[in-house]
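Good morning, and thank you for coming. Please look at the sequence and the structure on the screen while I describe them.

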Amino acid sequence: MSKIFSNLEVFQHSQQDSCWVILYGKVYDVTDFLVRHPGGPRAILRFGGEDATKEFDLIHPPETLQSLQPALLGSIEPHTESNLGPRPKAVATKIDMCTLLNLDEIEEAARKVISKKAWAYYYSAADDKISKDYNTQIYRSILLRPRVFLDCRTCKLETQLLGYKLGLPIFVSPTAMARLGHPAGEAGIAEACRSFGALQIIANNSSLSPEQIVTDALPTQVFGWQLYVQLNRQESEDMLTRISQLDQIKFVVLTLDAPVSGKREDDERINIKASLEGSISSHLFAGTDPSITWMETLDWLSRQTNKPIILKGLQTHEDALLAAKHTPLVKAIILSNHGGRSLDTAPPAVHTLLEIHKYCPEVFKKVDVWVDGGIRRGTDVVKALCLGAKAVGIGRPALWGLAAGGVQGVERTLQSQ
């Protein structure tokens, strides 16, 4: 029979040598996890002897709780049990999304309603945010050349990527920790994408499991899954095995533009104020392998999955040409500087796109070229497509839309393009 504890009994175990926490009405002895936690022991100790459900629920997918089962001690007394219950459902939006006319207004609406912690994580970028800002500025510097006497009554947005028919040439880039901004999380983004026939790449560090995210998807809906290769390769292999069993996930995106966490000072500053060790970003990157290489890693990955492989984060024409030499294993590349979140002063995707045109245009015939980073307007999408991109990704805008208005907010984000 499971033992029943009072709040007082749990409260007495709040130190480094004996640390208990309450999660979903259950009591766990997490003392042995303190030294192994990516965020350092203080990230757990600040909830020692208390109910940590709310914080835990926003950040960790269900499998994290499963890994704590050996530490389960019992239940909390019914009258003191946390009333947070299971993962909360999406809350109704209080913002009239129709009044928000562009992504700047959606971002501002989100900033007003989300926590400082969520804002800092989403907004932050490396160092002086030069790459982040330039990602957007570069599109402003490119001018369109409108032609006249053309029939503009119809505009077909449908496209095909990797042989799959999609309703938009816009995809949602992998963005972690969506539930920091809204309880619907990545599943809410998936629901919005369903309405537009848009593609979604599920982040490696999503706050929901991939199974939860795709569970209500239409048979025609297309997902990709982002891979950060772990130092413990078995962890990555186990995850790839799970992904291989999900038919909705059509391809794997190997992320290359963030071998380590960038110095994201907005994120770090919030955590310093909370007396935590490092930023959310640094916690998420703990365990990521920074030593992956072309031959070894692609050979390893080809043995772990039969799904098409896309390489994300190429930032030079030289690497684009190398990637093209790995076809047919590599089906597409995504030009990206990780939203300016990894290496500051790295070039925007459009620069790399233009480099490919100049130095190795044959790449466009060998692999699909996608871009992401800095997209704020429909005209930005048009410019990228005109310059040879097959698809254009948005990352932060989807999070801002979700935070501002849940599923409706993400739908408005896609509409405002």
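What volume does the second largest pocket have? The volume of the second largest pocket is about 650 Å³. This is a predicted model, in which local features need pLDDT of at least 70, side-chain atom pairs count only at pLDDT 80 or more, and totals for chains, interfaces and linings use all residues. Residues are numbered from 1 along each chain as its sequence is written, and side-chain values use heavy atoms, with hydrogens and water left out.

A pocket, on a 1 Å grid over the protein atoms alone, is an open set of points with protein on both sides within 12 Å along at least five of seven lines; a cavity is a set of points where a 1.4 Å probe fits but cannot get out, and lining residues have an atom within 4 Å of a point. Points are joined across faces, edges and corners, and a volume is the space filled by probe spheres set on them.

The second largest pocket is lined by 37 residues, and His 338, Gly 339, Arg 341, Gly 395 and Arg 396 are the closest to its centre. Elements that give two or more residues to this lining include helix 7 (130-141) and helix 18 (396-415). Helices (H or I, at least four residues) and strands (E, at least two) are DSSP runs, numbered from the N terminus.

Which residues of helix 13 are buried? In helix 13 (residues 294-302), they are Thr 297, Leu 298, Trp 300 and Leu 301. Seen down the axis of helix 13, these residues fall within an arc of 160°, so they line one face of the helix. The arc is that of the directions from the helix axis to the C-beta atoms.

Finally, the structure holds 1 cavity of 30 Å³ or more. Among the residues that line the largest cavity are Val 172, Glu 186 and Ile 189, and strand 9 gives the largest share of the lining, 3 residues.

Definitions and conventions
Buried < 20%, exposed > 50% of the residue type's maximum accessible area, 1.4 Å probe, protein only.
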